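Subject: Structure handover

Hello,

I am passing a structure on to you. Please open it before you read my notes.

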Amino acid sequence: LWINIFGGEAPDDNDDFFNKGGDSLKAVMLVANIEKTMGIKISVSDIFDNSQFSKMNDLLMSRSTGTE
């Protein structure tokens, strides 16, 4: 998913969405791609609140298992 948004290689866990070149438009695209490919609903504000990729992955894992 990240490569579709940013191109190139996947980010490291400690990379930040916005420091890698993310913006609000890319956040909207990412939210749509996550729902389409993974069936997990998150919001753009979730991206802002969890902009470090490791935190974003944790959020997705918790939403996919229903533990959040």
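Below are my notes, from the overall fold down to single residues.

First, the ground rules. This is a predicted model, where local features need pLDDT of at least 70, side-chain atom pairs count only at pLDDT 80 or more, and totals for chains, interfaces and linings use all residues. Residues are numbered from 1 along each chain as its sequence is written, and side-chain values use heavy atoms, with hydrogens and water left out.

**Confidence**

pLDDT is the predictor's confidence in each residue, on a scale from 0 to 100. The protein chain has a mean of 90. In it, 97% of residues reach 70 or more. By element, the lowest mean belongs to α1, at 79. The highest belongs to α3, at 97.

**Overall fold**

The protein chain has four helices and zero strands. Both kinds of element are DSSP runs, numbered from the N terminus: helices are H or I with at least four residues, strands are E with at least two. Along the sequence the pattern reads α-α-α-α.

The radius of gyration of the protein chain is 11 Å, which agrees with the value near 11 Å for a compact globule of 68 residues. That radius is taken over C-alpha atoms, and the globule rule is 2.2 Å times the number of residues to the power 0.38. The C-alpha atoms fill a box of roughly 30 × 20 × 20 Å along the principal axes.

Contact means heavy atoms within 4.5 Å. Take the contacts between residues at least 6 apart in sequence: 50% of them join residues at least 24 apart.

The accessible surface is about 4,200 Å². Carbon and sulfur atoms hold 48% of that surface. Areas come from the Shrake-Rupley method with a 1.4 Å probe; for residues, only the protein chains shown count as cover.

**The core**

Buried residues make up 34% of the 68 in the chain. Buried means under 20% relative accessible area, exposed over 50%, and partly exposed in between (1.4 Å probe, protein chains only).

The largest nonpolar core has 14 residues. Such a core is a set of buried Ala, Val, Leu, Ile, Met, Phe, Trp, Tyr and Cys residues joined through side-chain atoms within 4.5 Å. F17, L30, I42, I47 and M56 touch the most other members. Helices α1 (2–6), α2 (24–38) and α4 (53–65) each give two or more residues to this core.

What does M56 contact, leaving aside its neighbours within four places in sequence? The list is W2, F17, L30, I47, N50 and S51. N50 sits in the loop between α3 and α4. N50 is buried, at 17% relative accessible area. With neighbours within four places left aside, N50 contacts K55, M56 and L59.

**Salt bridges**

There are three salt bridges. The rule asks for a side-chain nitrogen of Lys or Arg within 4 Å of a carboxyl oxygen of Asp or Glu.

- D46 pairs with R63, with the closest N and O atoms 3.2 Å apart. This pair links distant parts of the chain, 17 residues apart: D46 lies in helix α3 (residues 44–49), R63 in helix α4. D46 is buried at 14%, whereas R63 is partly exposed at 29%.
- K20 pairs with D15, at 3.7 Å between the closest N and O atoms. K20 is partly exposed at 39%.
- E35 pairs with K41, at 3.9 Å between the closest N and O atoms. E35 is partly exposed at 37%, and K41 is exposed at 61%.

Best wishes
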